[in-house]
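Hi everyone, thanks for coming.

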Amino acid sequence: MTILVERREGYRMLTLNRPERLNALTTEMAAALDAALDEAEADKNCRAILLTGAGRGFCAGQDLNEIVGAAASDLERLLEHYHPLILKIRALPIPVVAAVNGVAAGAGANLALACDIVLAARSASFVQAFARIGLVPDCGGTWFLPRLVGTARARALAFLAEPLPAETAAEWGLVWRAVDDERLLPEAEALAARLVTQASAALALTKRVLDAAGDNTLARQLDLEGALQREAGAHPDHAEGVRAFLEKRPAAFAKARS
Ligand code: LHQ
């Protein structure tokens, strides 16, 4: 199985599972990941997703054996398997945590950047490997990178294709945090478990409003915040959160997504 799915208390852990190839992506694997995300979304009790890689790598991007000698038009067609995946992660009404356990290269790096919160092991690195094989960054790299680290750093990362160590990635704001290798999974699991206790409807709306900000004027974004605040405010989690604060107790938010 190229994607391992573990059902945990309130969340699912998805593991990219081709460790002998540093979890390089094949079209079959992309389809399996796509299906695993659909199943997670269909399960109303699933309130977070944790994505990681088996073995010493997170994901080495497209499996180059699959594209060797491919016609240029085949490359574009191949991306049709990856684009929906990136868009799906962004559109999921569930927070997705990436636990980057080792090298994340090419499409593998940008798959991680599509996730909502990225934790990286200190020994991990991020490589926009595309220039090394005469390709342009894809899977959203050209969109995520400048937004996360600014154009100066984005351009150097894309042109030079040098590995960026996890710690620098965290300093630059490419990822949320770099942690000691042995702490990666415990911290990522704790993070997922914490997200599960949050107001899941509010988190889904927060993800939507943050993603919309990139294309909106401030005035339009304020309108959207207002509309989504109305939606959040109508959910019982809001009343519960306020009551819990006033009663000085932890909030007991809905256990299933609505
Ligand atoms: C691999 C791979 C790999 C196959 C390591 N494929 N075997 C999508 C679709 C459409 C169009 C094109 O673009 C895309 C998006 C893309 O992702 S393009 C970019 C594709 N990825 C790359 O170019 C990265 C290639 N890999 C590397 O540069 C290195 O392996 C990195 C820097 C990731 C890790 O280096 P090392 O830690 O030194 O490991 P290694 O190179 O020894 O790899 C371990 C094994 O994994 C090795 O096999 P072997 O049989 O010798 O043990 C590699 O051949 C294999 N492997 N990446 N993408």
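I'll walk you through the sheets, then a helix, and then the core.

A quick word on the source. This is a predicted model, in which local features need pLDDT of at least 70 and side-chain atom pairs count only at pLDDT 80 or more, while totals for chains, interfaces and linings use all residues. Residues are numbered from 1 along each chain as its sequence is written, and side-chain values use heavy atoms, with hydrogens and water left out.

Let's begin with the six-stranded sheet. It is open, with mixed pairing, and its order is β1-β2-β3-β5-β7-β10. Strands here are DSSP runs of E, at least two residues, and helices are runs of H or I, at least four residues, all numbered from the N terminus. Two strands count as paired if DSSP finds at least two bridges between them. At the edges are β1 (3-7) and β10 (177-179), each pairing on one side only. On average, neighbouring strands in this sheet are turned by 20° against each other, direction ignored; the axes behind such angles are lines fitted to C-alpha atoms, for helices over the stretch in contact, and angles run from 0 to 180 degrees between N-to-C directions.

Helix α8 (residues 184-196) packs on this sheet and touches β2, β3, β5, β7 (117-121) and β10. Contact means heavy atoms within 4.5 Å. The direction of α8 makes about 165° with that of β7.

Now look at β3, residues 48-53. How many of its six residues are buried? Six of the six are, where buried means under 20% relative accessible area with a 1.4 Å probe, protein chains only. Ala48, Leu50 and Thr52 lie on one side, and Ile49, Leu51 and Gly53 on the other.

β3 runs parallel to β2 (residues 11-16), joined by six bridges, and Arg12 stands opposite Ile49. Between β2 and β3 the chain passes through helix α1 (residues 27-42) in a right-handed β-α-β crossover: with the strands pointing away from the viewer, the path from the first strand over the helix to the second runs clockwise. β3 also pairs in the parallel sense with β5 (residues 96-100) over four bridges, and there Leu51 faces Ala98.

Finally, the core. The largest nonpolar core has 66 residues, and Leu33 is among those that touch the most other members. Such a core is a set of buried Ala, Val, Leu, Ile, Met, Phe, Trp, Tyr and Cys residues joined through side-chain atoms within 4.5 Å. Leaving aside residues up to four places away in sequence, Leu33 touches Ile3, Leu14, Leu16, Leu51, Leu85 and Leu111.

Terms used:
Buried < 20%, exposed > 50% of the residue type's maximum accessible area, 1.4 Å probe, protein only.
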